[in-house]
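Here are some notes for a colleague who is opening this structure for the first time. They are meant to be read with the sequence and the 3D view side by side.

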Amino acid sequence: MTQAFTLTVNGQAARVTTHPDTSLLSVLRNELSLPGSRFGCGLGQCGACIVRVDGTVVPSCTTPMWSADGTSVVTVEGLADGDRLHPVQQALLDEQAAQCGFCISGIAVRAAALLESSPHPDEITVAQALEGNLCRCGVQRRIVRAVVKAGRTS
Ligand code: FES
Ligand code: FES
């Protein structure tokens, strides 16, 4: 049985009718045309689908809509300030950190959250924070370097 849900996504009100067990990731990608969050494992283990729900970093693939009702969600599409990329996004670009890019959305969202609690993290802090974000291309070192740079320049 479907149900109506109301939430705020990247500052915009959104109303979705779906089954309560539908994942937030599925709604973001398929109902709200926000494909930045990626489907990797579907098990909460790879970090490709990471978003923030009421400020908390969560895997959207294992977040059912019944638990997202009434929340405020921020996806990678909501990180930029108008035309101005978030410092993490800019640093990832500047450092050409991504290879295939599949992991980058989740990494950008988690790294942006990290900079709020730890504005100038060192490499170890960044690497530990990103432990739950897998990168099958093996470019974690470039990614970590970019996030450290974002902390220095923001
Ligand atoms: S797709 Fe959600 S954690 Fe892997
Ligand atoms: S850049 Fe390809 S998975 Fe990370």
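**Notes on the predicted model**

1. Please keep in mind throughout that the model is a predicted one. Apart from neighbours within four places in sequence, the residues in contact with Gly70 are Thr6 and Leu7.

2. Is Gly70 buried or exposed? A residue with 12 or fewer other C-beta atoms within 10 Å of its own is classed as exposed, and because Gly70 has 10 C-beta neighbours inside 10 Å, Gly70 counts as exposed. Along the chain, Gly70 and Val88 are 18 residues apart, and their C-alpha atoms are separated by 28 Å.

3. The strands form an open sheet, in which 5 strands follow the order β2-β1-β5-β3-β4 and the pairing is mixed. Its edge strands are β2 and β4 (56-59), each of which pairs on one side only. From one strand to the next, the twist averages 40°.

4. Within this sheet, strand β1 (residues 3-9) and strand β2 (residues 12-18) run antiparallel and are joined by 7 bridges. In this pairing, Thr8 of the chain is found opposite Ala13, a residue of β2. The hairpin that β1 and β2 make has 2 residues between the strands, and Asn10 there adopts a positive phi near 50°.

5. Elsewhere in the sheet, strand β3 (residues 50-53) and strand β5 (residues 72-74) are also antiparallel, with 2 bridges joining them. Here Arg52 has Val74 of β5 opposite. Helix α4 (residues 104-117) packs on the sheet, where it touches β3 and β4, and the direction of α4 makes about 40° with that of β3.

6. How is the chain divided into domains? Domain 1 covers 3-72 and domain 2 covers 87-153, and their centres, taken over C-alpha atoms, are separated by 22 Å. The contact involves 11 residues from domain 1 and 10 residues from domain 2.

7. On the side of domain 1 that touches domain 2, β3 gives the most, with 3 residues. The residues on that side of domain 1 comprise 6 nonpolar, 3 polar and 2 charged.

Note on methods:
Residues numbered from 1 in each chain as written. Chains lettered and ligands numbered in written order. Predicted model: local features only at pLDDT ≥ 70, side-chain atom pairs only at ≥ 80, totals over all residues. Pairing = 2+ DSSP bridges. Helix = DSSP H or I, 4+ residues; strand = E, 2+ residues; numbered from the N terminus. Axes fitted to C-alpha atoms, helices over the stretch in contact; angles between N-to-C directions. Contact = placed C-beta atoms within 7 Å. Domains from an automatic or database assignment. Nonpolar A, V, L, I, M, F, W, Y, C, P; charged D, E, K, R; others polar. Buried ≥ 20, exposed ≤ 12 C-beta atoms within 10 Å, placed from the backbone.
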